[in-house]
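Here's a quick briefing for anyone opening this one for the first time. Have a look at the sequence and the fold, then read on.

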Amino acid sequence: MDKKGNSIIIDAADHVAKGGVLNRRLFLNSAIASTAALATARAAFAQEAVGEGQDDWTLIPGSSAELYGSRSRFEEERVKRRLTPMSDEFYNLRLTKYTARTPLDHMLGTITPNGLHFERTHQGIPDIDPDQHFLVIHGMVKNPLKFDINALENYPTVSKQFFLECSGNSGTLWSETPTNESLQAIHGLLSGAEWTGVLLSTLLDECGVSKDAKWIIAEGADNGMMTRSIPIDKALDDTMIAIRQNGERIRPSQGYPMRLFNPGFEGNTSVKWLRSLYVTDRPVMSIQETVKYTDMMPDNMSLQFTLEQDVKSIITKPSNAMSLKQKGLYEVTGLAWSGKGRISRVEVSADGGKTWGDAMLQDPILPKMLTRFRIPWQWYGGPAILQSRAYDEFGSIQPTRNQLIAARGRKPTYHFHAIQSWGVQSNGEIKNVYA
Ligand SMILES: Nc1nc2c(c(=O)[nH]1)N[C@H]1C(S)=C(S)[C@@H](COP(=O)(O)O)O[C@H]1N2
Ligand SMILES: [Mo]
């Protein structure tokens with residue numbers, strides 16, 4: 001039914017997969033779009049009630065302008081990062097203190113506001129005075145160089161949108177039983193932003209890198225002195241020294257005043273509070289690339305330097321952050337991304353992966369950035385299993401959880417990128433399930 005009570009006829013031909021998955025173009029019909037909006041609303045308001053019983057803000061002048069804008073106090077209450085840890089075998093208490101997860105259920109586009117960007121530090125956030133912080137580039141170079149933030153701001157900069165994902169994101173889905181934690185807790189180590197910085201290739205060019213150089217060792221100025229080895233090919237490609245995030249200087253939690261940013265790579269390699277880049281012919285084999293951030297295979301051998309994030313997608317709405325209040329039309333929407341490049345296709349299933357329909361991809365579709373997808377779905381009121389499956393332009397396909405486990409076993413804790421399932425119950429409740 002639409003708002004005026006007329007029934008909306010959905011053609012049999014508009015069903016593109018079983019379980020109510022509909023043609024993505026149906027939302028171009030405004031009657032259908034508004035019906036879906038109505039079904040998704042948490043509470044249905046009768047139209048005549050609008051305007052009644054609310055304060056009238058038109059009667060007095062509003063507050064004065066601020067030197068630095070802040071959120072509505074109501075949003076401060078409602079939209080927050082999540083600090084609590086995952087309560088399962090893969091996570092320990094240290095994550096509570098040093099981890100904040102993005103509220104993906106509140107994101108509608110692809111850019112994460114700076115105050116909601118996820119945050120992961122191993123040893124806390126240093127309080128760095130930018131006048132006392134320098135980055136040195138040394139090792140196998142002709143002229144070692146030293147930069148402060150002001151020097152970097154005077155170089156030609158590039159601004160590009162990229163996702164950042166901790167390779168531990170969604171790691172709880174490796175476990176035997178499906179967790180009851182929220183969308184935000186499971187997948188919230190993921191954000192998207194416009195990063196501005198100086199391409200590392202520009203600085204390396206000025207330093208005169210030896211032709212025998214193969215790796216660059218990046219080190220942070222935090223208490224943990226995060227150290228990672230970056231292949232020279234990546235360093236000469238799109239790696240940047242990021243100094244701004246969505247237009248403003250990057251936040252202390254994101255690496256103020258400067259961080260390494262490796263587009264598409266696991267978050268850990270994007271070393272924050274960057275102070276040293278040491279050019280060399282071999283990787284340093286730091287704790288972060290030996291004990292941690294390696295993927296143990298079924299034969300107990302570990303994959304090392306699995307740097308590129310795999311093709312992946314998640315449904316952010318509906319998710320277990322909400323329950324469905326009534327039968328009818330819904331919009332299924334979510335995010336897809338690949339560390340290799342652009343997303344080329346996303347499919348959605350409502351029957352646990354037996355049949356699939358193509359979702360609409362929202363422009364712009366940028367390489368190594370989140371892409372939003374959407375598709376109409378009719379909920380008949382019975383059980384349903386919602387899934388999304390992403391493809392990238394290089395032909396990589398997001399695997400099912402069973403395929404991923406068949407290939408990699410259950411020992412890895414990082415790089416979980418398989419299809420995730422939201423189990424819709426008959427009463428409208430939604431749970432994370434294994435299908
Ligand atoms: N110096 C330093 N860099 C660091 C870390 C750290 O603890 N210290 N954490 C890494 C990890 S594990 C991740 S996932 C990303 C998180 O970046 P964000 O906090 O800006 O989202 O930063 C990486 N860079
Ligand atoms: Mo991470």
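A residue counts as buried under 20% relative accessible area, exposed over 50%, and partly exposed in between (1.4 Å probe, protein chains only). At 15% relative accessibility, Tyr 414 therefore counts as buried. Keep in mind that this is a predicted model, where local features need pLDDT of at least 70, side-chain atom pairs count only at pLDDT 80 or more, and totals for chains, interfaces and linings use all residues. Residues are numbered from 1 along each chain as its sequence is written, chains are lettered from A and ligands numbered from 1 in the order in which they are written, and side-chain values use heavy atoms, leaving out hydrogens and water.

**Aromatic pairs**
- Rings of Phe, Tyr and Trp (its six-membered ring) pair if their centres lie within 6.5 Å; planes under 30 degrees apart are stacked, over 60 edge-to-face, and the rest tilted.
- That rule gives 8 aromatic pairs.
- Trp 215 and Phe 305 make a tilted pair, with 4.9 Å centre to centre and 45° between the planes, and both are buried.
- Tyr 293 and Tyr 414 are stacked, 4.7 Å centre to centre with 25° between the planes.
- Tyr 293 counts as buried too, at 4% relative accessibility.
- Phe 162, Trp 195 and Phe 261 come together in one aromatic cluster.

**Charges over rings**
- A charge sits over a ring if NZ of Lys or CZ of Arg is within 6 Å of the ring centre and within 35 degrees of the ring normal.
- Lys 234 puts its charged end over the ring of Phe 265, 4.4 Å from the centre.
- Arg 401 lies over the face of Tyr 434, 3.5 Å from the ring centre.
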